[in-house]
Amino acid sequence: MDVSGKHMSDNRTKPIVGFAEVDFNSEPFLTDFKKVYEGMHASGCPFAHSPRGDHYAVASHTEIMKILKQYDVWKAKFGPALNYLESPGVLVSVDPPEHTFEVRIVSASFSKEVFEGMVPEMEAFVNERIDSVFEKGETDLHELLSVSLPMFVIFRLLGIERYDEDGTDRFEWTRDGIVNSVGLMLVPPDEVAQMIESGNIEQVRMQNLVRTNELFVKQLAETKSKLASGEWQGGQNLVTRFLTTPGPDGTFLTEDKILGFMGFLLTAGSATTTIMLSNIIYRLLTEEGTFDRVMNDPALIPLAIEETLRLDAPVQGLFRTNDEEVELGSVHLEKDTKVMLLWAAGNLDPEVFENPMKFDLDRDLGKVRRHLAFGYGTHFCRGAPLARLEGEVFLRTVMQRFNNLRLNGEVVMEKRIPVLQGILKLPVAWDT
Ligand code: HEM
């Protein structure tokens, strides 16, 4: 039974005439999700019902914005995934006034100064990684930089060392845990147990998720003792700030909340940015003339990043739940129905973006920034300035270091995670 008092088997949704029927976990969706979104836009009815998982979905930019502005109706409290959260979450899973309290604490740490202060370290990291393969003349750029740069940044922000006491690379197993948790976001809860039993969820991934949670518990304990001994100060990293920054009412975050923040930030800040970084290079290397155009005019870097976020949004969509009965298109929704807001589809809405399927570096930057890749409103991505900065450092450095960068083999797409769609392997070569 979920927290709203309903059994998950009590369906709140049903197929609706005029709505698309879309199984977001199915092979056809994962193979060509943009075609599904295009079809929904073209049909004149930008809503879908999911036959698997009991939810509706919205593809139109206007309808998504409408929902995001009806703060009294549409809530985050049941969480951004398909399942109904059973215990209170953080940030994307809470509503005001609790959300306001949490945001106040996060905002103190997510300042422009903190992010910009990290640029020299980011540059050094990217250069070191490039040095390590430069003479070979080829690499998988996804593995070399897209995965590791966001992990490096989040680990630094959280004050966590990259290597374990026994020398193992924490980037390796924490990312595995992330893939697992995000991978389950669209799986109906009654299918998760079956997937574990049948071995469809690799045991090692589950273990790595547990190991990641243990790392956070240990890190929190160490941070508290370093603060107590005076070795670390309040402004040392995000965790010290979480521990020492009071909310508007003068109280502090509980340890459970801080652990929730750590887990959420690792997931929200790494896998998403990873996809964005590989997508940028992929677009520039496949859309004729664009790589050279941006290299010769670095002022285009922000536009290249935003246009990639628009056209290839890393997060396909996240959920809201209605707190009262409401209409969705022609359908009357009962209270507590899960509805998926398809950011990636809103970004391809022809009513807002002319010729939406085209990667176009002649668009107006202000207009492109209407994309929904970072959401909108109350829960707008707090890490967006950081992700953009990582994109700039990454693209600038790659363009400076590699001569005649080109694709070098098959680009493999990620198909395990319906919520996050992107590249898994990006083989490139360059002249040495
Ligand atoms: C390209 C990279 C990224 C993408 C596409 C992305 C996407 C998103 C989206 C769509 C949301 C809105 C969720 C909703 O309304 O339900 C969100 C929220 C959030 N993101 Fe990001 N994100 C990215 C990078 C980051 C980074 C680097 C961080 C931090 C290190 C971060 C931290 C957050 C936080 C804290 C929230 C919750 C905001 C709130 O509820 O108030 N994100 N992100």
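Strand β9 (residues 338-341) is buried on both sides in this predicted model. Lys338 and Met340 point one way, Val339 and Leu341 point the other, and all are buried. Strands β3 and β6 both pair with β9, as set out below.

**Strand β9 and its partners**
- Strand β3 (residues 55-58) pairs with β9 in the parallel sense. Three bridges link β3 and β9.
- Alanine 57 has methionine 340 of β9 as its bridge partner. Met340 points the same way from β9 as Lys338.
- Strand β6 (residues 318-322) runs antiparallel to β9. Four bridges join β6 and β9.
- Leucine 318 has leucine 341 of β9 as its bridge partner.
- In general, strands of a sheet pair through backbone hydrogen bonds, in either the parallel or the antiparallel sense.

**Helix α8**
- Nine of the 11 residues of α8 (residues 148-158) are buried, so this helix is largely enclosed by the rest of the structure.
- The buried residues of α8 are Ser148, Leu149, Pro150, Met151, Phe152, Val153, Ile154, Leu157 and Leu158.
- Glycine 159 follows α8 and has a positive phi, near 75 degrees.
- The axes of α8 and α13 come within 8 Å and cross at roughly 155 degrees. That angle makes α8 roughly antiparallel to α13.
- The crossing of α8 and α13 is right-handed.

**Open sheet of three strands**
- The strand order is β5-β13-β10, and the pairing is antiparallel.
- Strands β5 (138-140) and β10 (403-407) are the edges, each pairing on one side only.
- From one strand to the next, the twist averages 25 degrees.
- Strand β5 pairs with β13 (residues 427-431) over three bridges, in the antiparallel sense.
- Glutamate 138 stands opposite alanine 429 in β13.

Key
Residues are numbered from 1 along each chain as its sequence is written. This is a predicted model: local features need pLDDT of at least 70, side-chain atom pairs count only at pLDDT 80 or more; totals for chains, interfaces and linings use all residues. Two strands pair if DSSP finds at least two bridges between them. Helices (H or I, at least four residues) and strands (E, at least two) are DSSP runs, numbered from the N terminus. Axes are lines fitted to C-alpha atoms, for helices over the stretch in contact, and angles run from 0 to 180 degrees between N-to-C directions. A residue is buried if 20 or more other C-beta atoms lie within 10 Å of its own, exposed if 12 or fewer, and partly exposed in between; C-beta atoms are placed from the backbone. Angles under 35 degrees count as roughly parallel, over 145 as roughly antiparallel, 65 to 115 as roughly perpendicular and the rest as oblique. A crossing is left-handed if the near helix is turned anticlockwise from the far one by less than a right angle, and right-handed if clockwise.
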